[in-house]
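Colleague: Please guide me through this structure, one question at a time.

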Amino acid sequence: MLENKNILIGITGGIAAYKICTLIRLYKKSGANVRVILTPNALNFVTKLTLQTLSNNEVYVDNFDVDNFKPEHISLCDEADIFVIAPATANTISKIANGICDNLLTTTACAFNKPILLAPAMNTNMWNNNFIQENLEKLKNTGYHIVNPGTGFLACGTTGEGRMAEVEDIYDSTVKIFSRKQILKGKKILITAGGTKEMIDPVRYISNCSSGKMGIALADCAYNMGAEVTLVSTFKANKPYKNLVTESAIEMEKAVKENIVNQDCVIMAAAVADYRVKEPAKEKMKKGEKDSLTIELVKNPDILQEISGKGVLAVGFCAESENLIENAKEKIQKKGCDYLVANDISRKDIGFSSDMNEVYILDKKLNITHFERDTKQNIAQRILEKVFEQV
Ligand code: CTP
């Protein structure tokens, strides 16, 4: 979606400035043309040469070079399709919100009449400052796009909210803004991802090889297509959409059921354990003199089966190591879901842990659509397009 797009990046003076090198690479890899403006303070954190080399373009710092003055802010505005300001410091956010134009970056922001995406980054106390929040609110209300900061270790040595969003999220937000095919706008989709963990004792568990990559690709793609996404995953995803972290099949079942009201679709991409330990030990188990160990397992609820046929579009996955299509046909009939996405987990070049997949989608009438080997992102988009074509 970013092919041939002109992306103007504005870097302000925050330590996260170095991460923008990765962002430039992501944009360039997807075929975008990138130009960079820095505030004078940003130059303390990254060099012009690095950015020039990565963007393959001239890098701009100030418009008050009197010997060689050109109204750069106007030509940069004309050329760019989007202005991504990352990291956006409290200072720059406040200046833009109040129409202050005291360097090339803020002057360009003032003259820019196309989408502007801001990725704030600052110390937690600054982030919580009322004036900063008011300024951000003002910008949001005037149509600025904001990728909220995350929580984590900050350069000032403290831990809290204010850390710039991951560059992948800034990238995803950019894609979302460009996404013309907002076919899922107004739709609510719940997606599960990852392999459940069934505890044996406080330190040991039974799980499986699922990486959760397909579920994440689906959630990212649904979000980029305009859906309101709820991701229920067995790991924390740090995404711009709602993410509930669960561990066991029972916890996942609870999260799905509690959040299913008003959903248009549930996609069960998680590898849910079929069995759990009947009585997990409360304390760490000791091996003692035992030469063998028997653990009794009991069946887990089948989440997909329970939610199918209840008015919400139910999509399941089917991981098989043999007789893929036959098993998938049997599974969709047994579970009663609307669609079943079948993939062959015995192949090393697709599926578990791989970034690629190849799938067959079955509908209730047992019609089969084949999506050839492709990235999980592309497969995710095709699955969503297929599932929603009739809605
Ligand atoms: N699933 C579920 N709850 C379970 C087991 C599986 O909701 N307790 C869902 C999975 O998320 C997936 C689909 O059912 O969408 C099929 O999962 P899969 O592991 O392929 O099949 P199983 O139903 O577990 O059957 P089997 O292991 O016998 O192949």
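**Ligand and domains**

Colleague: How far is an oxygen atom of the ligand from a polar backbone atom of F317?

Modeller: The model is predicted: local features need pLDDT of at least 70, side-chain atom pairs count only at pLDDT 80 or more, and totals for chains, interfaces and linings use all residues. Residues are numbered from 1 along each chain as its sequence is written, and side-chain values use heavy atoms, leaving out hydrogens and water. Between the ligand oxygen and the polar backbone atom of F317, the distance is 2.8 Å.

Colleague: Which residue has a polar backbone atom 2.7 Å from an oxygen atom of the ligand?

Modeller: A backbone N or O atom of A319 lies 3.1 Å from a ligand oxygen. The distance of 2.7 Å belongs to A270.

Colleague: How much of the ligand's exposed area does the protein bury?

Modeller: Accessible areas come from the Shrake-Rupley method with a 1.4 Å probe; for residues, only the protein chains shown count as cover. The ligand alone exposes 570 Å², and the protein buries 78%.

Colleague: What distance separates the centres of domain 1 and domain 2?

Modeller: Domain bounds come from an automatic or database domain assignment. Domain 1 covers 6-181 and domain 2 covers 185-387. Taken over C-alpha atoms, their centres are separated by 37 Å.

Colleague: How many salt bridges does the rule find across the interface of domain 1 and domain 2?

Modeller: A salt bridge requires a side-chain nitrogen of Lys or Arg within 4 Å of a carboxyl oxygen of Asp or Glu. Across the interface of domain 1 and domain 2, the number found is zero.

Methods. A polar contact is a pair of N or O atoms within 3.5 Å; within protein, one must be able to donate a hydrogen and the other to accept it, and residues adjacent in sequence count only if both atoms are side-chain atoms.
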